[in-house]
Amino acid sequence: MPDLVVEKRTPVRAWVVVFAGTTVNLCLGILYAWSIWKANLVGSAEHPAGTAMGGLNEGWVYLTDAQATWAYAVCGITFAIFMIPGGLLQDKLGPRLGATSGGLLLGCGCILAGLGRSYFALIAGFGVLGGIGMGLGYSAATPAAVKWFGSQRRGLVAGLVVGGYGAAAIYISPTAKYLIANYGISGSFIGLGIFFAIVVVTAAQLLVVPPSEYRPISSGATAASATAAGRSMTHEQWSARSMLGTWQYYAMLFLFIASAQSGLLVIANAAPILNETAKGVGFLAANAWLLASFGGLVNAAGRVGTGVYSDKVGRPNAYLINGMVAVVFLLLTPTIIRSGSVPLLFLAVGVAYWQYGGGLSLMPAMTADFFGANDLGIKYGLVFLGWGIAFLVPQLAGYIRDLTGTRDYAFYLSGVLMLSAILLFLIVRPPTEK
């Protein structure tokens with residue numbers, strides 16, 4: 001058995017893995033720019049759903065709000081499901097294979113959606129193939145990086161890596177807007193698909209887990225800051241099977257659903273709600289991608305920022321702070337939209353994106369805190385199912401919008417779900433025995 005090697009300083013290789021994982025996620029995060037495509041796919045009074053498009057988009061037909069949201073939802077649900085085999089692949093064979101496969105599948109899925117010029121191709125390409133690629137790639141990036149660092153840096157490192165996924169909307173939103181305007185919906189999918197495949201496959205080659213004898217430094221953490229990493233941390237290394245036998249796993253699943261659904265609801269509708277709020281401001285109405293890009297910036301900042309202060313005040317406290325502020329603004333969002341106040345809309349959306357991004361930073365670290373860091377890929381994959389289930393809320397919002405002409409009730413539902421999670425989180429603790 002090899003001797004343990006406790007590092008005196010974090011090796012450069014560890015930060016290379018963080019950089020590579022962030023780069024992978026900067027491409028996988030196309031999902032967060034979906035509202036740009038949705039704004040071009042959903043019909044209107046002038047172009048009812050089912051009528052054919054013309055010009056650069058010849059071959060496509062206009063969709064209902066629910067139909068356009070299904071591509072987004074199928075992608076997210078497939079993503080979450082394939083986090084589980086992706087996590088197994090990462091734990092058994094390392095992160096390179098999963099990330100490489102993920103990049104190729106995402107690229108092929110986007111190209112299929114572009115070439116198919118149909119609703120079926122959109123679901124099969126972007127929704128299914130894209131979702132599989134995201135699941136395999138995302139499950140490789142974060143666990144590989146986290147394993148290089150001690151518990152007092154888990155929040156920061158997880159925040160940096162998953163921050164790439166959130167930040168993707170910053171550049172993908174305006175890029176998609178430009179490509180759709182100049183090359184059509186199909187051209188935007190094909191061009192981005194080729195780009196994503198090249199970048200992800202290249203970055204994947206830099207992903208590697210530390211050797212078995214490696215032990216990370218304590219990061220200079222004091223006893224107080226170590227305690228702040230959570231109410232308490234498990235002293236057991238739970239297997240994925242034994243984790244499923246605890247009530248805490250199902251509690252964490254709900255916590256993930258609640259924190260994710262609010263952000264996913266906003267992400268799916270960012271461009272349309274800016275159009276509604278700023279209909280009297282020509283520039284903003286014509287450039288609704290600005291809210292999606294702003295959201296991507298705050299989403300990424302929320303992941304890194306929440307990761308940093310969760311290492312100081314504790315992950316439970318960070319979850320509660322983010323969640324309580326989000327509840328207030330979710331319930332106020334319909335009123336803000338009707339008021340026509342663009343600054344207040346940006347504030348409300350920013351809070352939702354920050355809370356959402358923060359949750360994605362907290363959950364992998366909390367999974368390690370509750371159940372141990374060994375085999376984190378498969379364990380986090382099982383917890384990540386909550387993120388996929390959360391896509392049912394924006395999908396429901398699409399049906400609500402089609403039936404009632406408003407998204408108000410969807411925002412109220414989202415706020416109630418987040419409040420329920422806060423109440424549950426007040427009692428949840430790491431499991432104490434197997």
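**Notebook: aromatic pairs, salt bridges and cysteines**

I began with phenylalanine 79, which is buried because its relative accessible area is 0%; buried means under 20%, exposed over 50%, and partly exposed in between, with a 1.4 Å probe and protein chains only. The model is predicted, so I noted that local features need pLDDT of at least 70, that side-chain atom pairs count only at pLDDT 80 or more, and that totals for chains, interfaces and linings use all residues. Residues are numbered from 1 along each chain as its sequence is written, and side-chain values use heavy atoms, with hydrogens and water left out.

**Entry 1. Aromatic rings**

I found that the structure holds 27 aromatic pairs. Rings of Phe, Tyr and Trp (its six-membered ring) pair if their centres lie within 6.5 Å; planes under 30 degrees apart count as stacked, over 60 as edge-to-face and the rest as tilted.

I looked up the pair of phenylalanine 79 and phenylalanine 384, which is tilted, at 5.2 Å centre to centre and 40° between the planes. Phenylalanine 79 lies in helix 3 (residues 65–93) and phenylalanine 384 in the loop between helix 14 (376–383) and helix 15 (385–389), so this pair ties together parts that are 305 residues apart in sequence. Helices here are DSSP runs (H or I, at least four residues), and strands likewise (E, at least two), numbered from the N terminus. Phenylalanine 384 is also buried, with a relative accessible area of 0%.

I then turned to phenylalanine 79 and tryptophan 387, an edge-to-face pair with 4.6 Å centre to centre and 65° between the planes. This pair links distant parts of the chain, with phenylalanine 79 in helix 3 and tryptophan 387 in helix 15, 308 residues apart. Both phenylalanine 79 and tryptophan 387 are buried. I recorded that ring pairs join these residues into a cluster, whose members include Tyr72, Phe79, Tyr380, Phe384, Trp387 and Phe391.

**Entry 2. Salt bridges**

How many salt bridges are there by this rule? I count three salt bridges, each being a side-chain nitrogen of Lys or Arg within 4 Å of a carboxyl oxygen of Asp or Glu.

Lysine 38 forms a salt bridge with aspartate 65, the closest N and O atoms being 3.1 Å apart. The two residues come from distant parts of the chain: lysine 38 is in helix 2 (residues 34–41) and aspartate 65 in helix 3, 27 residues apart. Lysine 38 and aspartate 65 are buried.

Arginine 407 also meets aspartate 65 in a salt bridge, at 3.4 Å, N to O. Here arginine 407 is in the loop between helix 16 (392–404) and helix 17, and aspartate 65 is in helix 3, 342 residues apart. Arginine 407 counts as buried because its relative accessibility is 7%, and aspartate 65 is buried with a relative accessible area of 6%.

The side chains of arginine 338 and aspartate 408 meet in a salt bridge at 2.4 Å, N to O. Arginine 338 is in helix 12 (residues 315–339) and aspartate 408 in helix 17, 70 residues apart. Is arginine 338 buried or exposed? Arginine 338 is exposed, with a relative accessible area of 53%, whereas aspartate 408 counts as buried at 17% relative accessibility.

**Entry 3. Cysteines and helix 1**

I found zero disulfides in the structure, a disulfide being a pair of cysteine sulfur atoms within 2.5 Å. Cysteine 27 counts as buried at 2% relative accessibility, and cysteine 75 is buried with a relative accessible area of 0%.

Cys27 is one of the buried residues of helix 1, which also include Ala14, Val17, Val18 and Leu28. Helix 1 (residues 12–28) has 17 residues and reaches 25 Å from its first C-alpha to its last, close to the 24 Å expected at 1.5 Å a residue; the expected span is 1.5 Å times one less than the number of residues.

Leucine 423 is in helix 17 (residues 408–425) and counts as exposed at 53% relative accessibility. Leucine 297 is in helix 11 (residues 289–313) and counts as partly exposed at 49% relative accessibility. I noted that leucine 297 and glycine 340 are 43 residues apart in sequence and 23 Å apart in space, C-alpha to C-alpha.
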